[in-house]
Amino acid sequence: MATPADKLWRNARLATMTGDGLGVVEHGAVAAAGGTIIYAGPESGAPDAAEIIDCQGRWITPGLIDCHTHLIHAGNRAREFEARLEGTTYEQIARAGGGILSTVAATRAASEDELVASALPRLDQLISEGVTTVEVKSGYGLTLDDELKMLRAARRLAAGRDVRIRATLLAAHAVPPEYRGDADGYVDLVCNTIIPAALGHADAVDAFCEGIGFTPAQTDRVLTTAVAHGLPVKLHAEQLSNLRGAALAARHNALSADHLEHLDEAGIAAMAASGTVATLLPGAFYFTREERRPPIAALRAAGVPIALATDCNPGTSPMASILLAANMGATFFRLTVAECVRGITLNGARALGLQHQTGSLEPGKAADLAIWNVTDLAELVYRIGANPLHARIHAGI
């Protein structure tokens, strides 16, 4: 006997994200029981349900996913933005003690309650656009206590809002001032102390492999330690230069490699072989006025899954709009509408290792839905500053 449905959303057009494209179903319906999808397909085959919602011909997509954010932080870097407008580069600011380290000072000074309170408005903006899953990184503490404080604050966001949170340990984000000149010593702390202590608090481990971050050898130590402790890994790679971080990440079967403006063919091949997702961050590309675009055609040709995310952070992408990230992915990187929508649904889920739980409209996955007041799904990518969300459902509610 078929499982009875709690809710049925009918008279809808579905973008299921099954198959290679959008998985469109005209005259479709989605049924859920206990917060899980039990049917998604033509309305003619839908089960009966205790509650029926008439979508009046609206589009339904999976709930949106922001798979790369730095929502938890204190302070802002508006003055640095002003300096960049006057010609100072991001790297010059970082080497002068600004950049990430200025946010580190503010975040260390903030309490856990203050970090939660300051992050909630940013989270609310994402939720208002249909986001049901958000990744939140640490990385502005750079001590054991402050990194754990950030991870606890990230977890608390889910207690205050109806949203799925994935917390990522990014202790290898920058060398803290007390370790200036001793990056290897700080990596010792990350590997020997912070990663083991983060077990149970973090869902994954990330690092910043870059000239102003950590060398490939140091990054390899961090990723090796994380994997040895059973944590999946991700990597900020090839944003400002090509240190072959993507290939390094792929060797560790990383969930994703992110940014990738300087990615080369060897890195693409390694990612394709490992199934590592390419997470593109057009907000940072835009805000830092970069000119080199990720190698979209080569990624596409190699079959590397492409995700999009806001990279919401105080220094290089102070943006909390996943729909704007999709628009930027199309306008700056020339992604198709289907690639953009998959990038903020199914491929966003893949970048978090959640593709079996969410990201598409399929039986067995969470009933995470976004219902849209649009006549054409391209409107989600086409409009700037508009929010056509009609309703957001997370785990059937």
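**View 1. Helix α12 and the residue that follows it.** Arginine 334 comes after α12 and has a positive phi, near 65°. This is a predicted model: local features need pLDDT of at least 70, side-chain atom pairs count only at pLDDT 80 or more, and totals for chains, interfaces and linings use all residues. Residues are numbered from 1 along each chain as its sequence is written, and side-chain values use heavy atoms, with hydrogens and water left out. Helices (H or I, at least four residues) and strands (E, at least two) are DSSP runs, numbered from the N terminus. Helix α12 covers residues 322-333. Its 12 residues should span 16 Å at 1.5 Å a residue, and the end C-alpha atoms lie 15 Å apart, which agrees. The expected span is 1.5 Å times one less than the number of residues in the helix. α12 is mostly covered, with nine of its 12 residues buried. Buried means under 20% relative accessible area, exposed means over 50%, and partly exposed is in between (1.4 Å probe, protein chains only). The buried residues are Ile322, Leu323, Ala325, Ala326, Asn327, Met328, Gly329, Ala330 and Phe333.

View 2. Six aromatic pairs turn up in a search of the whole structure. One of them joins phenylalanine 285 and phenylalanine 332. The pair is tilted, at 5.7 Å centre to centre and 50° between the planes. Rings of Phe, Tyr and Trp (its six-membered ring) pair if their centres lie within 6.5 Å; planes under 30 degrees apart count as stacked, over 60 as edge-to-face and the rest as tilted. Phenylalanine 285 lies in helix α10 (residues 282-287) and phenylalanine 332 in α12, so the pair ties together parts that are 47 residues apart in sequence. Phenylalanine 285 is buried, at 4% relative accessible area. Phenylalanine 332 is partly exposed, at 23%. Ring pairs link Phe285, Tyr286, Phe332 and Phe333 into a cluster.

**View 3. Helix α7 and its buried face.** α7 has 13 residues. From first C-alpha to last it reaches 18 Å, close to the 18 Å expected at 1.5 Å a residue. Gln218, Thr219, Val222, Leu223, Thr225 and Ala226 are buried in this helix. Seen down the axis of α7, these buried residues fall within an arc of 160°, so they line one face of the helix. The arc is that of the directions from the helix axis to the C-beta atoms. Ala217 and Ala228 are exposed on the other side of α7. The cover over the buried residues includes β8 (164-172), α6 (183-198), β9 (204-207), β10 (234-237) and α8 (245-251).

**View 4. Threonine 219 in α7.** Threonine 219 sits in helix α7, residues 216-228. It is buried, at 1% relative accessibility. Leaving out residues up to four places away in sequence, threonine 219 touches Ala207, Cys209, Phe214, Leu235 and Leu248. Contact means heavy atoms within 4.5 Å.

View 5. Glycine 230 lies in the loop between α7 and β10. Its phi is positive, about 85°. Glycine 230 is exposed, at 62% relative accessibility. Aspartate 203 is 27 residues from glycine 230 in sequence and 9.7 Å away in space, C-alpha to C-alpha.

View 6. The open sheet runs in the order β6-β7-β8-β9, with parallel pairing. β6 (64-66) and β9 stand at the edges, each with a single partner strand, so one side of each is left without a neighbour in the sheet. Neighbouring strands are turned by 25° against each other on average, direction ignored. Two strands pair if DSSP finds at least two bridges between them. Five bridges join β7 (residues 131-137) to β8, and the two run parallel. Threonine 133 stands opposite arginine 164 in β8. Helix α5 (residues 144-160) packs on the sheet and touches β7 and β8; its direction makes about 170° with that of β8. α6 also packs on the sheet, touching β8 and β9, with its direction at about 155° to that of β8. Axes are lines fitted to C-alpha atoms, for helices over the stretch in contact, and angles run from 0 to 180 degrees between N-to-C directions.

**View 7. Alanine 158 in α5.** Alanine 158 is found in helix α5. It is partly exposed, with a relative accessible area of 32%. Neighbours within four places in sequence aside, alanine 158 is in contact with Val163 and Ile165.
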